[in-house]
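This report describes the inside of a protein model and the strands and helices around it. Please look at the structure below before reading on.

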Amino acid sequence: MGMMSLSRLMSRAPAPVFPAIGPGRQADVERLLSRSGLRAAATPRDAAILLVAGDIPGTAAAPLARVHDQIPRPRVTVSWGHDEPDAIAARIAEAWREVCAGGEGEGDRLPDEPPNKWKGVGPNGQGGKGMMGGVPYGRPMAMTGPDIRDGLQLDRYTARFGPFAPMLPPGLVLEVTLQGDVICDVTVETQPFAQPADADAPDLCAARMLRLLGLAGPADRATAGKKPRGVWMRGAVPGGLGSVDGAGDARDRLSRWLSGTPVTASVPDIPALLKGAEWSEAMLILASLPPSAILRACQTPEAA
């Protein structure tokens, strides 16, 4: 009886959903997840339901499987094709009740083994010559390099992020070299998925930045078409961050969006904007640009 009561209590909490967003579905998903009864999970580990919205390209099938397997069991996948938002919200609610009732959920999609076999080379089997270097299990080891700020030798680590990282536009894959939390190199590996014009809507653009700032309540108000209260929110963004010709800096863009004013940005140089920024600053810069501008930037020969 106690477990049944606990399950009922759990089912009343907002359903934790991690979205995998395909082409043309970003605005739909963002508006859906602003509803009461649903919660956008910050990571797959924080979710119970995987929402697959739209047709995911075959090139993103393997990353989608990894995201699925990172969601703790029991887990359920809900695919969103052409259902109306009310219908898909009801399906998510039913899936959440199934999870809370102790259903078995779904098994893993990938084998329980490292994606790359260890090919031990060197005296300690670390994959490289000597004590440094190598790519054990396919992951490059950190190597020292000059700090881009003062020239001191610090470890640099290179990793790929995307295409379903929630702080990046859907489909975008970046290869980023970090020294601590400072970005010293960026390469666009895969351009973001094309999205409809309404993904550039001021309310959605403001909400993306507000969520990164930890202001989920105001973000939901913005997405629901209600103007967030308080101009103080723009002050949470450092001035001069991510300046773009004709569109000001990230703080200016947030201020315009909060007032309901669209932002038209010239084609930005994504690597140049992000280099030298701390990780949190870089994610704010990307969120402060309309999705259409990021797509145009990633389609240029310089980004490729």
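Cys-184 has a relative accessible area of 11% in this predicted model, so Cys-184 counts as buried, the cut-off being under 20%. Cys-298 is buried too, with a relative accessible area of 6%. The structure holds 0 disulfides.

| Residue | Relative accessible area | State |
|---|---|---|
| Cys-184 | 11% | buried |
| Cys-298 | 6% | buried |

Cys-298 is one of the buried residues of helix H10, together with Pro-291, Ala-293, Ile-294, Leu-295 and Ala-297. H10 is mostly covered, as 6 of its 8 residues are buried. The cover over these buried residues includes helix H2 (26-32), as well as E8, H5, H8 and H9.

In soluble globular proteins, nonpolar side chains tend to be buried together. Here the largest nonpolar core has 43 residues, and Leu-174, Met-209, Leu-274 and Leu-286 have the most contacts inside it. Two or more residues of this core come from each of strand E7 (173-179), strand E8 (182-190), helix H5 (202-212), helix H6 (216-223), helix H7 (250-258), helix H8 (270-274), helix H9 (279-287) and helix H10 (291-298). H9 gives the most to this core, with 6 residues. Beyond its neighbours within four places in sequence, Leu-174 is in contact with residues including Phe-161, Leu-168, Val-186, Val-188, Leu-274 and Leu-286. A second, separate core has 21 residues, among them Ala-15, Ile-49, Ala-95 and Cys-100.

Next come the strands. An open sheet is formed by 4 strands in the order E2-E1-E3-E4, with parallel pairing. Its edge strands are strand E2 (38-40) and strand E4 (76-80), each of which pairs on one side only. On average, neighbouring strands of this sheet are turned by 35° against each other, direction ignored. Strand E3 (residues 49-53) pairs with E4 in the parallel sense over 5 bridges, and Leu-51 has Val-78 in E4 as its bridge partner.

Helix H3 (residues 61-70) packs on the sheet and touches strand E1 (15-21), E3 and E4. The direction of H3 makes about 160° with that of E3. Helix H4 (residues 85-100) lies across E1, E2, E3 and E4, and runs at about 175° to E4.

Elsewhere, strand E5 (residues 143-146) and strand E6 (residues 153-161) run antiparallel and are joined by 4 bridges. Pro-146 stands opposite Gln-153 in E6. E5 and E6 form a hairpin with 6 residues between them. In the turn, Gly-151 has a positive phi of about 85°.

Key: Residues are numbered from 1 along each chain as its sequence is written. This is a predicted model: local features need pLDDT of at least 70, side-chain atom pairs count only at pLDDT 80 or more; totals for chains, interfaces and linings use all residues. Side-chain values use heavy atoms; hydrogens and water are left out. A nonpolar core is a set of buried Ala, Val, Leu, Ile, Met, Phe, Trp, Tyr and Cys residues joined through side-chain atoms within 4.5 Å. Buried means under 20% relative accessible area, exposed over 50%, partly exposed in between (1.4 Å probe, protein chains only). Contact means heavy atoms within 4.5 Å. A disulfide is a pair of cysteine sulfur atoms within 2.5 Å. Two strands pair if DSSP finds at least two bridges between them. Axes are lines fitted to C-alpha atoms, for helices over the stretch in contact, and angles run from 0 to 180 degrees between N-to-C directions.
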